[in-house]
Amino acid sequence: RRVMLGLILALCSLSSPVSASAADAPPLPDLLGDEPTDGTAAGMAQPSPPAVEPTQDDRALLEQLRRAAARDPVSAEKLADMYTTGLKVELDLRQAARYLREACKLGSVTAPNKLGVLLARGGPGLVRDPVEALERFREGARAKDSRALYNLGQQYRSGELVERDEAQAYQLFRQAAEAKLPDALTNV
């Protein structure tokens, strides 16, 4: 586990900061503290082009991460995030979905929500699959992932993937806030 954590921390340090203009600023947070208020799904960054070309060291670390992803959900989810954003790899939503499915099999609590977001949106190389997206949001909600609860609530509020049900949406938003509360208290 220490090796995995070190590998992930090394990869995280590879990203270079990118200056953002006011137009690129994220939407204001909602009451949960980090969810977008514009109705978009929570828990995933918008894809962006890679800041720099990966070096030989980057490629070696990526290969280690790929090997680790077969047995470690954190590594699989990190790879998925990289393929979703195009960080040090070519943007590839199909690969991102593949690694998120692997992370789900390995027991990740947060991967079902991320996979649900990808499948609900679809995109280049990834066919939109609202049925599986909804199931993934439900899987994450059963695991009490606050972002999955929020996204499932958004679906009941909007009626996009399920029949609109404001009472169910309210219950899910409440559960999302309650699931997030212990995290908020530890950051005080």
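# Notebook: helix packing, ring pairs and salt bridges

I looked up how helix 3 and helix 4 cross, and the crossing is left-handed (the near helix is turned anticlockwise from the far one by less than a right angle; clockwise would be right-handed). Helices here are DSSP runs of H or I with at least four residues, strands are E runs of at least two, and both are numbered from the N terminus.

The model is predicted, so I note its limits: local features need pLDDT of at least 70, side-chain atom pairs count only at pLDDT 80 or more, and totals for chains, interfaces and linings use all residues. Residues are numbered from 1 along each chain as its sequence is written, and side-chain values use heavy atoms, with hydrogens and water left out.

**Entry 1: the chain as a whole.** I find eight helices and zero strands in the chain. From the N terminus on, the elements run α-α-α-α-α-α-α-α. The chain has 188 residues, of which 40% count as buried. Buried means under 20% relative accessible area, exposed means over 50%, and partly exposed lies in between, with a 1.4 Å probe and protein chains only.

**Entry 2: helix 3 against helix 4.** At what angle do helix 3 and helix 4 pack? I get about 165°, with the axes 8 Å apart. That makes helix 3 roughly antiparallel to helix 4. Axes are lines fitted to C-alpha atoms, for helices over the stretch in contact, and angles run from 0 to 180 degrees between N-to-C directions. Angles over 145 degrees count as roughly antiparallel, under 35 as roughly parallel, 65 to 115 as roughly perpendicular and the rest as oblique.

**Entry 3: aromatic pairs.** I find two aromatic pairs in the structure. Rings of Phe, Tyr and Trp (its six-membered ring) pair if their centres lie within 6.5 Å; planes under 30 degrees apart count as stacked, over 60 as edge-to-face and the rest as tilted.

Tyr83 and Tyr99 form a stacked pair, at 5.9 Å centre to centre and 10° between the planes. This pair links distant parts of the chain, with Tyr83 in helix 3 (residues 73-85) and Tyr99 in helix 4 (residues 93-105), 16 residues apart. I checked accessibility: Tyr83 is buried at 7%, and Tyr99 is buried at 6%.

The rings of Tyr150 and Phe173 have their centres 5.6 Å apart and their planes at 40°, so I log the pair as tilted. Tyr150 lies in helix 7 (residues 146-158) and Phe173 in helix 8 (residues 166-186), so the pair ties together parts that are 23 residues apart in sequence. Tyr150 is buried, with a relative accessible area of 5%, whereas Phe173 is partly exposed at 23%.

I also looked for a charge over a ring. Arg98 lies over the face of Tyr99, at 4.6 Å from the ring centre. The criterion is NZ of Lys or CZ of Arg within 6 Å of the ring centre and within 35 degrees of the ring normal.

**Entry 4: salt bridges.** How many salt bridges does a search of the whole structure find? It finds eleven, each a side-chain nitrogen of Lys or Arg within 4 Å of a carboxyl oxygen of Asp or Glu.

Glu63 and Arg67 meet in a salt bridge at 3.9 Å, N to O. Both lie in helix 2 (residues 56-69), four residues apart, about one turn of the helix. Glu63 is partly exposed at 37%, and Arg67 is partly exposed at 49%.

Glu132 and Arg101 form a salt bridge at 2.9 Å, N to O. This pair links distant parts of the chain: Glu132 is in helix 6 (residues 130-142) and Arg101 in helix 4, 31 residues apart. Glu132 is buried at 18%, while Arg101 is partly exposed at 29%.

Arg136 forms a salt bridge with Glu139, with the closest N and O atoms 3.1 Å apart. Arg136 and Glu139 both lie in helix 6, three residues apart. Arg136 is buried at 15%, and Glu139 is partly exposed at 25%. Salt bridges that share partners join Arg101, Glu132, Arg136 and Glu139 into one network.

**Entry 5: positive phi.** Most residues other than glycine have a negative phi. I noted Lys88, with phi near 65°, in the loop between helix 3 and helix 4. Lys144 also has phi near 65° and is found in the loop between helix 6 and helix 7. Lys88 is buried at 7%, whereas Lys144 is exposed at 53%.
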